[in-house]
Amino acid sequence: MTSTSPSRSTRKTASRAGRAPARVHRAWLIALVAGATIVAAAAFAAMPGLLVDPLHTEYEWSRGSIGAAASVNMVVYGLIAPFAAALMDRFGIRRIALAALATVIAGAGLTTVMTAPWQLTLYWGLLVGAGTGSLAMTFAATIADNWFVKRRGLVIGALTGASAFGQLVFLPALAWIIDHQGWRPAIVTLALTAFVMVLLVALVLRDHPADVGQRPYGADSFVSRPRTEQGAARRTVRVLRDSVRSRQFWLLAGTFAVCGATTNGIMWTHFVPAAQDHGMAVTVAAALVSAIGVFSLVGTIVSGWLTDRFDPRGLLVAYYLGRAVLLAALPALFGPDAGAALIAFVVVFGLLDVATVPPTILLCRRVFGADGAIVFGWVNAVHQVGAGAMAVFGGFTRDVTGSYGPVWFMAAAVCAVAAVLALQIARSGESDPAHDRAPTVPPCNDGEQAGK
């Protein structure tokens, strides 16, 4: 008896030791659920472009009023993001994610029973915009910061790319549902997807590894849960107040506003109805937009690699000039079929679509130092304002002129302006005198950095 007991204990210890390395760290499961949540939220961002013609046909609403709702969605999406991380610090990632998903479900559900344009603006613009904006880049960064020490950059990149992947996965399916069943079943499909994510978030997502007695992935020791930062929202506003005094902020914000106007504002909102004006089937047009999302993943990775090696200002100049040429040529490429020239446009535009993000993030860090991440949050909010303005302008122009042609030429012109502005952003090591005179905001600690 006594001789077998140690042996059995030894075997159990050896067995546990042998199994431990094969166990997948919970951080990867958390990242997987967070990625799925971002994918689901991104599907809502792809929907406005598919709704323009069905709502115009059923309700006889102007494209301008529909574009206004899409504009409010984009602006709220951008404005909520700088505060989302502060709310996650205060109340926890899990609670905010659940509240955001519930808001999205409510907005989508109410949209199916709306009867007036202002209701589309309230339900889809405000509610869906606030919910999806809370599940954007700050959500990804906060997850990566809390749960990962090693592979943090990989996780942030993957979760950021999940947004484009969400549009890739859902857009063709949503277009098929609208074409065969109508727009309401498509929105119900999105709401049900969000409900599934509520269940997964409630069951799996946790705020910090300490909540389940684990270390962050790659950490050498146990990390206690950071103290709740009740002043995070005030700091977010204070950084905005200080940064707007800087000319460099407005150069960065101005170029990124053009980025939003020529991607979310025009491509995601008006490409599909513009293609339909030329006789293209909605499913084919949606597939082309989806393909832009595919190549944007490649373009973002390549742009990040280039940003480490070349002047990010020069990269932004090249990206915006490339967009200008492509957008000016687009009206001549449209037709009832997706020809080789239009497919080439999709590939090249996709490579440039999100390529502006890595250089812009790096420039924010170079110019504003430790506040760079928060400044980028506000720059990204201006990105959404630009997107919203172009969404309204596109719909209004189509209503007045009967064509999207002027919209594409206007988009090309503002891209050329953005290229000029990018050259005026400070070089590495330079600073803006106005910013130097601004009050200094204390640098954030390790628990605050990601997601602000």
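Visitor: How many residues does the largest nonpolar core have, and which have the most contacts inside it?

Guide: A nonpolar core is a set of buried Ala, Val, Leu, Ile, Met, Phe, Trp, Tyr and Cys residues joined through side-chain atoms within 4.5 Å. Buried means under 20% relative accessible area, exposed over 50%, and partly exposed in between, with a 1.4 Å probe and protein chains only. The largest core here has 123 residues, and M47, L50 and F139 have the most contacts inside it. Helix α2 gives the largest share of this core, 11 residues. This is a predicted model, in which local features need pLDDT of at least 70 and side-chain atom pairs count only at pLDDT 80 or more, while totals for chains, interfaces and linings use all residues. Residues are numbered from 1 along each chain as its sequence is written, and side-chain values use heavy atoms, with hydrogens and water left out.

Visitor: What does L50 touch, not counting residues up to four places away in sequence?

Guide: Contact means heavy atoms within 4.5 Å. By that test L50 touches L171, L174, A175, I178, V272, V282 and A286.

Visitor: How many helices and strands does the protein chain have?

Guide: Helices (H or I, at least four residues) and strands (E, at least two) are DSSP runs, numbered from the N terminus. The protein chain has 20 helices and 0 strands. Of its 452 residues, 51% count as buried. Among contacts with a separation of 6 or more, 83% join residues 24 or more positions apart.

Visitor: What is the reach of helix α5 from its first C-alpha to its last?

Guide: The expected span of a helix is 1.5 Å times one less than its number of residues. Helix α5 (residues 93-111) has 19 residues and reaches 27 Å, close to the 27 Å expected.

Visitor: Which residues of α5 are buried?

Guide: They are I93, I96, A97, A100, L101, V104, G107, A108 and T111. Down the axis of α5, these buried residues fall within an arc of 135°, so they line one face of the helix; the arc is that of the directions from the helix axis to the C-beta atoms. They pack against α2 (26-45), α4 (63-91), α6 (117-133), α7 (137-147) and α9 (183-204). In α6, the buried residues include Y123, W124 and V128, and the buried residues of α6 pack against α2, α3, α4, α5 and α9.

Visitor: Where does T112 lie, and is T112 buried or exposed?

Guide: T112 lies in the loop between α5 and α6, and is buried at a relative accessible area of 17%. A polar contact is a pair of N or O atoms within 3.5 Å; within protein, one must be able to donate a hydrogen and the other to accept it, and residues adjacent in sequence count only if both atoms are side-chain atoms. The T112 side chain reaches the backbone oxygen of G109 at 2.6 Å. Beyond neighbours within four places in sequence, T112 is in contact with W183, R184, I187 and V188.

Visitor: Which helix holds T37, and what is T37 in contact with?

Guide: T37 is in helix α2 and is buried, with a relative accessible area of 0%. A polar atom of its side chain lies 2.8 Å from the backbone oxygen of V33. Leaving aside neighbours within four places in sequence, T37 is in contact with L101, L135, F139, M197 and V201.

Visitor: How many residues apart in sequence are A381 and V75?

Guide: A381 and V75 are 306 residues apart in sequence, yet their C-alpha atoms are 7.0 Å apart in space. A381 lies in helix α17 (residues 372-401) and counts as buried at 2% relative accessibility. Not counting residues up to four places away in sequence, A381 touches G78 and L79.

Visitor: What is the phi of E60, and where does E60 lie?

Guide: Phi of E60 is near 60°, a positive value in a residue other than glycine. E60 lies in the loop between α3 (48-59) and α4 and is exposed, with a relative accessible area of 70%.

Visitor: What is the mean pLDDT of the protein chain?

Guide: pLDDT is the predictor's confidence in each residue, from 0 to 100. The mean for the protein chain is 79, and 84% of its residues reach 70 or more.
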